[in-house]
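Welcome! Please take a look at the sequence and structure below, and then read on for a short tour.

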Amino acid sequence: MTGVQRRAFIAAAGGTAVAGLLPAGSAEALAPPRTDDAPGSAAGTYATTDSPRVTWSLNQGWRAVLGDPANAQQPSFDDTAWEPVDVPHPLRLQPVDVGPDNLQTIAWLRRRVTVPNSARGQRLLLRFEGAMQVAEVYLDGTRLGVHYGGFTPFGWDVTGYLQPGRESVLAVRLDNTDQPTVPPGKPQSGLDFSYHGGLYRDVWLTAAHPVHITEPIIEGRVAGGGVFVTTPDAGPRAATVNVATDVVNSNAAAARVVVSTVITDADGRTVATAESEQSTVAAGATVAFPQTLTVHTPHLWSPDTPYLYTARVEVRVAGAPVDRVSNRFGIRTLSWTYDSGFSLNGTKLLLNGTNRGHQEYPYVGFAAPASQQRRDALLIRESGANFVRSAHYPPHPAFLDACDEVGLMVLNCVPGWQYWNNDPLFAERSHDDLRTMIRRDRNHPSVILWEATLNETYSGKSPFEADQQRIAQEEYHGDQMCTYGGNGTFDAKIFTVQNAYWVRPSPGDPITESPGAALLYREYGDYEFGGDGDNSSRTTRADGPQAMLATVRNKQSEFSEFQEPGYFGSGVLAGLATWSATDYTRGSRAKTCYSGLMDLFRVPKFVYYFYQSQRDPHVHQAGVDSGPMLYVANYWDQGFTDLTIPNTAVGTGRNQWQYDGDWQGTSGDNSYSNTTGDTAVLTFTGTGVTLYGDLDRVHGIGAVTLDSGAPQNVDFYAAGRQEQVAVWKATDLTDGPHTLTVTVTGTKNAASSDTYVALTKAVVSGSPNTVVVLSNCDEVELRRNGEVIARQAPDSGGINAHVPHPPFTFTVDFEPGELAATGYLDGRPAASGTVRTPRSAARIEVTVDLPDGRLVADGTDFAVVRALVTDANGTIVRGNDVPVTFHVNGAGRLIGDAGIGANPVTATAGIATALVRADRRPGRITVTASAPGLATGTAGFTTAPDPAPRI
């Protein structure tokens, strides 16, 4: 079959065949990046198509090597044996669950650069969007400098180093090893994410007239550099727009300069203009040109109406245009108070969002292209969120561009995580991170809050917080610079917003009133439900519907509780953010953190749709899945119940493990015994069961008995340790109670010296008699095989009390076939969803999620390709986790191979995912997916030409 639109895939992948009856055009992709302008800079500044300046992408044509060869910075160094690569580039491709094995090392990248002769006499500006995490940069063997920090941009004026018409060599030495004086600073082995290495964001070179608008990151001026747009006053009748432009004269003689600004609306119509008096800018000087404009009857930026204007700034010398750039911005005003919460444009608004947590992708780590950054912003917005915290570092500029477009408000964070270093360099570099982040991102209307403190870093920092607040105000004057401090109630005396957690950490705790700063609950719904152990908020799609619904209940309970009037005393909650948008790997743990609304491949879990159901059904937003929605949170395949071994409290009498003998670790990651005759007994109700265990060289053999059947030996031995292995399975059981007994037999493998049996969990297919429907409709009607089960209002009371749109819970006995639901608004059908009982797996269906609706042939852009294991009718078979092999033909290639588990891929709950990267030449790509015993699936698409100017 051919590729489908992304939203159609999300609906199918989640178990609901139809996501909702949406207005025409609502399934369109997020608008592609601007085509009227050249690529954006680290400052968010664009050169217009008719500008005298030009910006080239330097992403292509690099060579890379792991290690630290001597003299690699020298132009004469022979790099022909190095690997040819394009940027974004990771140090190496790695398995999905890389965890503590994430590579930390030194690496080099080199590239030849020849600037066109047309750039003679112009200034040349080199900038990097991000490199992990110490970058030492050379041009023709001359060291330009070193940048300390993996998440902020950097660059230099390289006019004296690059000669137009002559080849030069650009060399970068990268070091992503632990750096205690470079924030976050914490060793990766103790970090809740990883320092994924590489030159992982874009590289640009700009040629500009000697009299030009400066680049804020290179210029390094406090509250200056480039074009700085603010809207200090805005209302329905008029808005004040301040535009400050820094112009440098690099000539040897003074220049007579005029700066003009034209503001255009989204349709390109001029709505305001300003022109400066002619000023003399001395040779070598930089002068600020402040201008104040008025936009009448403005369109105010908000999540539901993310309207963007463009400020086009032109510099003229002696009447002739010499530079021209454009900056998008939104008109909006912010207000935060302790006793009334958050207001946008004078209207109170609850920030309902998530933490991004983190920017990594499978196999490539942080090295995902701009298109996937934009896709992440859209996916988060379509989850129902109007707010995201960029935990725990500044995001890619393309992520913020997309947030501006789709109406996703942002808390922008400096790098930091549970670590402080008393070395003055550490604080100095964090101050630099804050300044650079503000200079880069200050024109984004989506950035409503700046996190100036280091995440969960509580001691030894005085007077660090006060210095951070001072710096923020220096860089961005006035009450629209709003800052967040999250490490204690003392932050209320320093910052605009504080962490509501410290006012009341948990329901049983007393309220500690902390007036002075507004309240934002920055992380909820995760750690408090089991930490890093048996956490019921950390589930995978393979864990099944019951486990995913437990996650829904956890997050829903706190989502409701925190909005209860008086919960924070006289303080009013401004907003809250669940942890986290996606799953992610960690340097501190081998196990991936499964706290996401989506998995690492961005496939949604049930909880994604719970938050989606909280959106206003009456708001329709172009380019964003919006309006009424309905999702049946059930696979209608008799379900799965994940019975983790340590949790002996699952169920009452049924679906509960009982231990007899010397079993250990029943509160840890597994239960194990080395005593012959010991038994572990599970009584469950269902039609199938799969037993999981840990294999090891010191393990022996266990005997598994089902009901009154004969014992079957199961080998728990392996030469190397393997965890969470399916060791035994029974299917097609009579739907009813069953007893599973595991006995330590005492039989040893020849190579094993012990008889250990280690159990981790059982996954039971059962017959749940409740069906949960997630919807923002007034009523939902549920039908089983055409028979109306009920038409009812949403759930009420308890954890539903303060939820705008609670779930709908139905009692219904399982009967194979079709389960259909219709949501009603004001008595009329508004959304629907259908799930069907799968038959035997018959074929593979391939879907392609094209970022921005296209795949660009630039050598780095990639698409997410899914292989769905379906029955003959196209229903996903969740329990069939077969190995799927992908083949790519044409103008693209797979990312990864069998060495990192990227191909073949074992399907998870009936879905296997691959990443397909475009070559540099546009053309047709065909993706084929196959699995043993199943009909092969195919999808094809054509890549788009690369629009970026390159040298």
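## A first look

The protein carries 74 positive and 99 negative side chains, and the centres of these two sets lie 5 Å apart. Please keep in mind that this is a predicted model.

**Overall build**

- The protein has 8 helices and 60 strands.
- Its radius of gyration is 29 Å, close to the 30 Å that the globule rule gives for 951 residues, so the protein is as compact as a globular protein of that length.
- Along its principal axes, the C-alpha trace spans about 100 × 65 × 55 Å.

- Of the 951 residues in the protein, 62% are buried.
- The protein exposes about 32,600 Å², with carbon and sulfur atoms supplying 48% of that area.

**Helix 7**

- Helix 7 covers residues 545–561 and reaches 24 Å from its first C-alpha to its last, close to the 24 Å expected at 1.5 Å a residue.
- Helix 7 is mostly covered, as 13 of its 17 residues are buried.

**Backbone details to look up**

- Most residues other than glycine have a negative phi, and most peptide bonds are trans.
- The peptide bond from Pro183 to Pro184 is cis, with omega near 10°, and Pro184 sits in the loop between strand 11 and strand 12.
- Another cis peptide bond joins Ala391 and His392; His392 is in the loop between strand 27 and helix 4.
- Ala223 is not a glycine, yet it has a positive phi of about 55°, and it is partly exposed.
- Asn785 has a positive phi of about 50° and lies in the loop between strand 48 and strand 49.

Conventions: Residues numbered from 1 in each chain as written. Predicted model: local features only at pLDDT ≥ 70, side-chain atom pairs only at ≥ 80, totals over all residues. Heavy atoms only, no water. Helix = DSSP H or I, 4+ residues; strand = E, 2+ residues; numbered from the N terminus. Rg over C-alpha atoms; globule rule 2.2 N^0.38 Å. Buried < 20%, exposed > 50% of the residue type's maximum accessible area, 1.4 Å probe, protein only. Areas by Shrake-Rupley, 256 points an atom, 1.4 Å probe, with all protein chains shown as cover. Lys, Arg positive; Asp, Glu negative; His and termini not counted. Charge placed at Lys NZ, Arg CZ, Asp CG, Glu CD. Expected span 1.5 Å × (residues − 1).
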